[in-house]
Structures are given as C-alpha cells and as structure tokens.
Amino acid sequence: MTNTRQSTPSSGTAEKKFDGFTAEEREAMREHARDLKTTARRGARATRADGESDVLAKIATMDDADRALAEGIHRIVAVAAPDLAPKLWYGMPAYARNGKVVCFFQSAQKFKSRYATIGFSDQAHLDEGTLWPTTYALRELTDETEARVVELVRRAAG
C-alpha cells in the first residue's frame with residue numbers, strides 16, 4: 001500500500017504561501033508607474049493645475065466616506081500649505097515640495113482597511129524628540145480633528 005497522504009505543517013493547519021505583495025499593493029505600484037509615466041510625458045510643460053486635476057479626478061473615484069475625507073484634506077492642504085503641489089503618489093492624493101511628497105491621503109477603500117489615513121513622509125517637518133507619529137487614522141473630519149490636521153499640515157510644510 002502506498003502512502004498518498006501529504007505532509008502538513010506541524011501546527012496541523014494548512015498555511016497560505018506568502019506571495020510577496022497583496023493585490024492592492026501590486027495595484028498601487030502599477031498606479032505609481034502610470035503616475036510617473038504621465039509626469040514624464042508632461043515634462044517641462046507640466047503645471048500645478050495638472051496635478052490638481054489628477055488629484056481631484058482620483059478623489060472623485062472614491063466611495064462617499066473616503067471622498068468626503070479626501071476633499072476635506074485637499075481643502076485643508078490648499079489653505080494651510082499653499083506651497084505644496086498636489087500630485088498622485090501610488091494612486092493616492094499627495095502634496096509635494098520640490099517634487100518630493102510631504103503628506104498624502106490614503107482611502108480606507110484602497111487597502112480594504114477600516115479607516116482612511118493621512119500620512120507624512122520624511123520630508124515633513126514633524127520631528128519631535130526621538131519618536132513621533134507619521135500616519136494618523138482618520139474616520140471623520142470634526143472641527144477638532146480638522147484643527148489638528150491643519151496644525152500638522154502647517155508644521156509638515158515648514
């Protein structure tokens with residue numbers, strides 16, 4: 001009699017093979033490549049309005065809850081840090097200084113998470129001692145939350 005039983009991990013449960021990036025992460029990378037190609041095609045004739053148009057078009061594709069938050073973040077950045085230029089970054093609305101992303105909005109829908117986030121890159125001027133947050137969960141833009149985001153964006157833009 002031949003043994004046709006296949007071995008399983010010692011835990012007794014089948015493990016999924018780690019495939020590297022999730023489908024959402026792979027799609028974000030494809031979006032980033034498209035964003036870079038679009039920017040390269042525009043070249044020297046690219047304007048701030050192009051980036052603004054791209055960001056607003058991306059926001060328009062979001063579900064209602066994410067769209068409301070993204071519109072609020074876009075409005076806040078435009079007022080609190082008008083020197084930051086809107087652009088797409090991995091398919092997300094982002095705001096850059098000299099071409100380098102300072103802050104970005106990530107919809108909950110994009111990575112199937114329970115909340116949207118506003119994040120800040122290492123280009124942001126948010127350093128506080130030896131430890132500080134760079135990404136914030138965002139579920140609603142209340143007056144208090146909006147005031148905090150305005151403060152963060154102003155500081156980040158330096």
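Me: Leaving aside its neighbours within four places in sequence, which residues is His74 in contact with?

Reply: Before the case itself, keep in mind that this is a predicted model, in which local features need pLDDT of at least 70 and side-chain atom pairs count only at pLDDT 80 or more, while totals for chains, interfaces and linings use all residues. Residues are numbered from 1 along each chain as its sequence is written, and side-chain values use heavy atoms, with hydrogens and water left out. Contact means heavy atoms within 4.5 Å. By that rule, and leaving aside neighbours within four places in sequence, His74 touches Glu52, Val55, Leu56, Ile59, Pro86 and Tyr95. His74 itself belongs to helix α3, and its relative accessible area of 8% makes it buried (buried means under 20% relative accessible area, exposed over 50%, and partly exposed in between, with a 1.4 Å probe and protein chains only).

Me: How many helices and strands does the protein have, and in what order do they run from the N terminus?

Reply: Helices (H or I, at least four residues) and strands (E, at least two) are DSSP runs, numbered from the N terminus. Here there are four helices and five strands, and the elements follow one another as α-α-α-β-β-β-β-β-α. Of the 158 residues, 34% count as buried.

Me: How should I read the sheet, and what is the order of its strands?

Reply: Strands of a sheet pair through backbone hydrogen bonds, either parallel or antiparallel. As a working rule, two strands pair if DSSP finds at least two bridges between them. In this model the sheet is open, with five strands in the order β1-β2-β3-β4-β5 and antiparallel pairing. Because β1 (85-89) and β5 stand at the edges with a single partner strand each, one side of each has no neighbour in the sheet. From one strand to the next, the twist averages 25 degrees (axes are lines fitted to C-alpha atoms, for helices over the stretch in contact, and angles run from 0 to 180 degrees between N-to-C directions).

Me: Which bridges can I look for inside this sheet?

Reply: Strand β2 (residues 92-97) pairs with β3 over four bridges in the antiparallel sense, and there Tyr95 stands opposite Cys103 of β3. Strand β3 (residues 100-106) is also joined to β4 by four antiparallel bridges, with Phe105 having Ile118 as its bridge partner in β4. On the way to strand β5 (residues 135-138), β4 again makes four antiparallel bridges, and Thr117 stands opposite Ala137.

Me: Are the two faces of β4 covered or uncovered?

Reply: In a regular strand the side chains alternate between the two faces of the sheet. In β4 (residues 116-120), five of the five residues are buried: Ala116, Ile118 and Phe120 lie on one side, with Thr117 and Gly119 on the other, and both faces are covered.

Me: Which residues of helix α1 are buried, and why do they line one face?

Reply: An α-helix has 3.6 residues a turn, so residues three or four places apart point the same way. Helix α1 (residues 23-42) buries Glu24, Ala28, Glu31, His32 and Asp35. Seen down the axis, these buried residues fall within an arc of 105 degrees, so they line one face of the helix (the arc is that of the directions from the helix axis to the C-beta atoms). What covers them includes α2 and β1, whereas Lys37, Ala40 and Arg41 on the other side are exposed.

Me: What describes an aromatic pair, and how many pairs are there here?

Reply: A pair of aromatic rings is described by the distance of the centres and the angle of the planes. Rings of Phe, Tyr and Trp (its six-membered ring) pair if their centres lie within 6.5 Å, and planes under 30 degrees apart count as stacked, over 60 as edge-to-face and the rest as tilted. By this rule the count is three aromatic pairs. Trp89 and Tyr90 have ring centres 5.3 Å apart and planes at 80 degrees, so their pair is edge-to-face. Phe120 and Tyr136 are also edge-to-face, at 6.2 Å centre to centre and 85 degrees between the planes. Since Phe120 lies in strand β4 and Tyr136 in strand β5, that pair ties together parts 16 residues apart in sequence.
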